[in-house]
Amino acid sequence: MNQLSGKITLDFRSDIPIYLQIAGQIEQLVAKGDLKLGDQLPTVRELATELRINFNTVGRAYRVLDEARLISTHRGRGTYIWEEPSEEPMKHLKQK
């Protein structure tokens with residue numbers, strides 16, 4: 001069982017795209033300390049299967065997080081929490 005199991009919930013009726021819901025919830029888990037620097041995330045396919053969504057949606061969420069430098073994906077090694085959010089994004093995430 002992975003560290004995201006049961007921690008990500010999706011609202012398919014929301015105006016917020018699914019991939020942004022996933023990215024936002026992973027950011028919140030990091031902000032709360034549930035995910036820490038160096039923690040490994042499930043593969044795109046594993047998380048997609050668990051959430052019962054298309055793997056491209058999870059891939060898009062991971063790309064958003066990668067561009068924000070919150071995670072780092074290494075082909076053949078996995079995806080890891082790369083950095084802890086700085087003070088300003090932390091305040092913003094905690095307010096959500």
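Which residue lies over the face of F55? The residue is R45, at 4.0 Å from the ring centre. A charge is said to sit over a ring if NZ of Lys or CZ of Arg is within 6 Å of the ring centre and within 35 degrees of the ring normal. A second case involves Y19: the charged end of R60 is placed over this ring, 4.0 Å from its centre.

Before going further, a word about what you are looking at. This is a predicted model, in which local features need pLDDT of at least 70 and side-chain atom pairs count only at pLDDT 80 or more, while totals for chains, interfaces and linings use all residues. Residues are numbered from 1 along each chain as its sequence is written, and side-chain values use heavy atoms, with hydrogens and water left out.

What about rings paired with rings? Searching the whole structure gives zero aromatic pairs, a pair being rings of Phe, Tyr and Trp (its six-membered ring) whose centres lie within 6.5 Å.

The structure has one salt bridge, meaning a side-chain nitrogen of Lys or Arg within 4 Å of a carboxyl oxygen of Asp or Glu. Its partners are K32 and D34, whose closest N and O atoms are 3.8 Å apart. K32 counts as exposed because its relative accessibility is 61%, whereas D34, at 34%, counts as partly exposed. Here buried means under 20% relative accessible area, exposed over 50%, and partly exposed in between (1.4 Å probe, protein chains only).

Next, look at Q21 in helix α1, which covers residues 18-32. Helices (H or I, at least four residues) and strands (E, at least two) are DSSP runs, numbered from the N terminus. Is Q21 buried or exposed? Its relative accessibility is 10%, so Q21 counts as buried. A polar atom of the Q21 side chain lies 2.9 Å from the backbone oxygen of I16. Leaving aside residues up to four places away in sequence, Q21 touches T9, L10, D11, S14 and I16, where contact means heavy atoms within 4.5 Å.

Finally, visit two loops. R52 belongs to the loop between α2 (44-51) and α3 (55-67), and has a positive phi of about 60° although it is not a glycine. With 76% relative accessibility, R52 counts as exposed. R69 is found in the loop between α3 and β2 (71-74); its phi is also positive, near 65°, in a residue other than glycine. At 48% relative accessibility, R69 counts as partly exposed.

Key: Rings of Phe, Tyr and Trp (its six-membered ring) pair if their centres lie within 6.5 Å; planes under 30 degrees apart count as stacked, over 60 as edge-to-face and the rest as tilted. A polar contact is a pair of N or O atoms within 3.5 Å; within protein, one must be able to donate a hydrogen and the other to accept it, and residues adjacent in sequence count only if both atoms are side-chain atoms.
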